[in-house]
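Welcome! Let us walk through a protein together, from its overall plan down to a few single residues.

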Amino acid sequence: MISIYTKRLHLRNVSQNDVHVMFDYRNNEICARYQRGQIKDFGEILNLIEHRKNDELSIDLPCMIAVALKETSELIGEIIVKPKDNIISLGYTFSYKYHRQGYAFEALTILHEYLHKMAPEWEFISFTECENIASIELLKKLGYKDLGYVPSMDSQAFGKWTTLVTEKKFV
């Protein structure tokens, strides 16, 4: 069970109650513009939630984390954690209704602290579209280093707590 609190947020497991909000923001152009391969069909989102509702936060398996308002439990976004080969890859989508209010920074800051305590030697990597200025600025604010453009992924790579070996993979 995933349950991490911040001042304003609750990071928790996804639930069937999240489907309508997730469907809304995943199908909104503001959010969807930079998301490749993200499920947008209502039935497929329901299946995804069913598959991911019991995820555990660990360095052994990927997980999906719901980011919800602490006061109401309303879903405002999601974070995907993919651990593999001593690297934790993070991806995130936040509802257009909650952009530019510090929620993504708040959620990712506490999650970084939590994961870094679990795996202090592991590196963190995130990828974003080159045009996604808001995401790029968020990653920089979180302490990520720009590792350069990765042509095979058509994305900009950012790393935190990375080694020179990992950084050379992306330069």
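## The overall plan

Starting at the N terminus, the elements of the protein follow the order β-β-α-α-α-β-β-β-α-β-α-β-β-α. In total there are six helices and eight strands. Here helices (H or I, at least four residues) and strands (E, at least two) are DSSP runs, numbered from the N terminus.

A word on how to read what follows: this is a predicted model, in which local features need pLDDT of at least 70 and side-chain atom pairs count only at pLDDT 80 or more, while totals for chains, interfaces and linings use all residues. Residues are numbered from 1 along each chain as its sequence is written, and side-chain values use heavy atoms, with hydrogens and water left out.

## Size and surface

How does the radius of gyration of the protein agree with that of a compact globule, and what are the two values? With 171 residues, a compact globule would have a radius near 16 Å, and the protein has 15 Å, so the two agree. The radius is taken over C-alpha atoms, and the globule rule is 2.2 Å times the number of residues to the power 0.38. Along its principal axes, the C-alpha trace spans about 45 × 35 × 30 Å.

Of the 171 residues, 48% count as buried. Buried means under 20% relative accessible area, exposed means over 50%, and partly exposed is in between (1.4 Å probe, protein chains only). Among contacts between residues at least 6 apart in sequence, 58% join residues at least 24 apart; a contact means heavy atoms within 4.5 Å.

## Two residues in one loop

Aspartate 85 sits in the loop between strand E4 (75–84) and strand E5 (87–94), and asparagine 86 lies in the loop between E4 and E5 too. Most residues other than glycine have a negative phi. Aspartate 85, however, has a positive phi near 50 degrees, and asparagine 86 has a positive phi of about 65 degrees.

Are these residues buried or exposed? Aspartate 85 counts as exposed because its relative accessibility is 64%. Asparagine 86 has a relative accessible area of 44%, so it is partly exposed.

Histidine 10 belongs to strand E2 (residues 9–12). Its relative accessible area is 14%, so histidine 10 is buried.

Which residues does histidine 10 contact, leaving aside neighbours within four places in sequence? They are Ser3, Ile4, Tyr5, Ala66, Val67, Ala68 and Lys70. With serine 3 there is also a polar contact, side chain to side chain, at 2.8 Å. A polar contact is a pair of N or O atoms within 3.5 Å; within protein, one must be able to donate a hydrogen and the other to accept it, and residues adjacent in sequence count only if both atoms are side-chain atoms.

Not counting residues up to four places away in sequence, serine 135 touches Tyr92 and Thr128. Its side chain makes a polar contact with the side chain of threonine 128 (3.4 Å). Serine 135 and serine 15 are 120 residues apart in sequence, and their C-alpha atoms are 26 Å apart in space.

Leucine 147 is in strand E7 (residues 145–150) and, at 3% relative accessibility, counts as buried. Between the C-alpha atoms of leucine 147 and alanine 107, which are 40 residues apart along the chain, there are 23 Å.
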